[in-house]
Structures are given as structure tokens and as C-alpha cells.
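Colleague: I am new to this structure and would like to learn how to read it. Could we go through it feature by feature?

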Amino acid sequence: MTGTAGTHHATPAHARPGGHTPPDDPATADPVPSTGPIPVEQAPLDPRAIARASLDAARNASLWWTSAGIVVAVVVALTVGTRQGAFVLAGVALVGALVRAVLPSPGPVALSFRSKPIDVVVLVVLGLGIAVLAQVLPA
């Protein structure tokens, strides 16, 4: 006996009934033709590159600018008034939407989460929502 108990040996295609391989056999699958460079949004994620980028986050200017905008909004809310602080925060979100819309992909790290259109829409809705809520906030 040539095989051992519990092992499975694949039957060659020519020995199978019908003499053909099943369509889901990866050995016979046609490779997908390349149409050019892959867009950044569709590129596969590389965990090592993500880890390196997170270690370099302290040197990323977009994180510092976004954090500074939030700190300014909190300081304005505590010193001037809640409504004014909310307007500053709404301005930070709207400026972030503008920056994300104008700069090429992948864009600033602090503002790039999904595709560019989704990021811009979310930031605009967030900024406008905060501005509307600030407007109806009691004095």
C-alpha cells in the first residue's frame, strides 16, 4: 500500500470522470489581466507599512494641525463661550473637508479614512451639523 491512513491524494484531471477539472480549480483559473497601476484606494493593505506610518505619526503635520484646531476650539469654548467654541470646531471640520478635497490621494493622514468622496462628505456633514447645533444652542 502506497498511501497512509488519513491522507488524501488528489486525482489527476485526466483520471477524473469526464476528463476535465472543476471550474473552481485555482490551477486552471485564468489570471486577471493587468490594466495598469492600482489606485491607492484599491491597493492591498500592508500591515508593516501601517505600523511604520503609525510610528512616524508624531512627525506628521496633519495630525498636529488637526489637534491644534481641536485644542483652539476647546480653549475658545472655555474662555469665550460654548457657541463660539462650537463654531471654531465646525470650522476645523469644514477646513479639513476642503483640504481633503483639494490635496491628491492618499491625502493627509489625519483626514484620510476611506475614499476621498466619503471623507469629504462626512467632514462637511459634521461641520455643518456642528454649526447648526451651535446656532440653536441657548446663549
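Modeller: We can begin with contacts. Not counting residues up to four places away in sequence, Ala73 touches Gly85, Val88 and Leu89. Keep in mind throughout that this is a predicted model.

Colleague: Where does Ala73 lie?

Modeller: Ala73 belongs to helix α2, which spans residues 61-79. Its C-alpha atom is 6.8 Å from that of Ala86, a residue 13 positions away in sequence.

Colleague: Is Ala73 buried or exposed?

Modeller: The way to read this is by relative accessible area, where buried means under 20%. Ala73 counts as buried because its relative accessibility is 4%.

Colleague: How many helices and strands does the chain have?

Modeller: The secondary structure comes to four helices and zero strands. Read along the sequence, the pattern is α-α-α-α.

Colleague: What share of the chain is buried?

Modeller: Of the 139 residues in the chain, 16% are buried. The chain exposes about 10,600 Å², and carbon and sulfur atoms supply 71% of that area.

Colleague: How do I read contacts for the chain as a whole?

Modeller: Look at how far apart the partners are in sequence. Among contacts with a separation of 6 or more, 45% are between residues 24 or more positions apart.

Colleague: How many salt bridges does the structure hold?

Modeller: A salt bridge needs a side-chain nitrogen of Lys or Arg within 4 Å of a carboxyl oxygen of Asp or Glu. The structure holds one. It pairs Arg100 with Asp119, and their closest N and O atoms are 2.9 Å apart. The pair links distant parts of the chain, with Arg100 in helix α3 and Asp119 in helix α4 (residues 116-136), 19 residues apart.

Colleague: Are Arg100 and Asp119 buried or exposed?

Modeller: Both Arg100 and Asp119 are buried. Arg100 counts as buried because its relative accessibility is 1%. For Asp119 the value is 5%, so Asp119 also counts as buried.

Colleague: Which residues surround Arg100?

Modeller: Again we leave aside neighbours within four places in sequence. Arg100 is then in contact with Ser105, Pro106, Gly107, Leu111, Ser112, Arg114, Ser115, Lys116, Asp119 and Val120.

Colleague: And what does Asp119 touch?

Modeller: With residues up to four places away not counted, Asp119 touches Arg100, Leu111, Ser112, Phe113 and Arg114.

Colleague: Lys116 was listed as a contact of Arg100. Where is the place of Lys116?

Modeller: Lys116 is in helix α4. Apart from neighbours within four places in sequence, its contacts are Arg100, Ala101, Leu103, Pro104 and Ser105. Lys116 and Ser105 are eleven residues apart in sequence, and their C-alpha atoms are 7.3 Å apart in space.

Colleague: How do I compare sequence separation with distance in space?

Modeller: Take a pair, and put the two values side by side. Pro39 and Ser105 are 66 residues apart in sequence, while their C-alpha atoms are 9.1 Å apart. Pro39 is found in the segment before α1 (47-55).

Colleague: What forms a nonpolar patch on the surface?

Modeller: A patch is a group of residues read together. Here Val95, Leu98, Val99, Val102 and Leu103 form one, with about 430 Å² of accessible area together.

Colleague: Is Val102 buried or exposed?

Modeller: Val102 is exposed because its relative accessible area is 61%. Val102 lies in helix α3, residues 82-102. Arg100 is in helix α3 too, but Arg100 counts as buried.

Conventions
Residues are numbered from 1 along each chain as its sequence is written. This is a predicted model: local features need pLDDT of at least 70, side-chain atom pairs count only at pLDDT 80 or more; totals for chains, interfaces and linings use all residues. Side-chain values use heavy atoms; hydrogens and water are left out. Patches are made of residues with over 30% relative accessible area and no salt bridge: like charges are joined within 9 Å, nonpolar side chains (Val, Leu, Ile, Met, Phe, Trp, Tyr) within 5 Å. Accessible areas come from the Shrake-Rupley method with a 1.4 Å probe; for residues, only the protein chains shown count as cover. Helices (H or I, at least four residues) and strands (E, at least two) are DSSP runs, numbered from the N terminus. Buried means under 20% relative accessible area, exposed over 50%, partly exposed in between (1.4 Å probe, protein chains only). Contact means heavy atoms within 4.5 Å.
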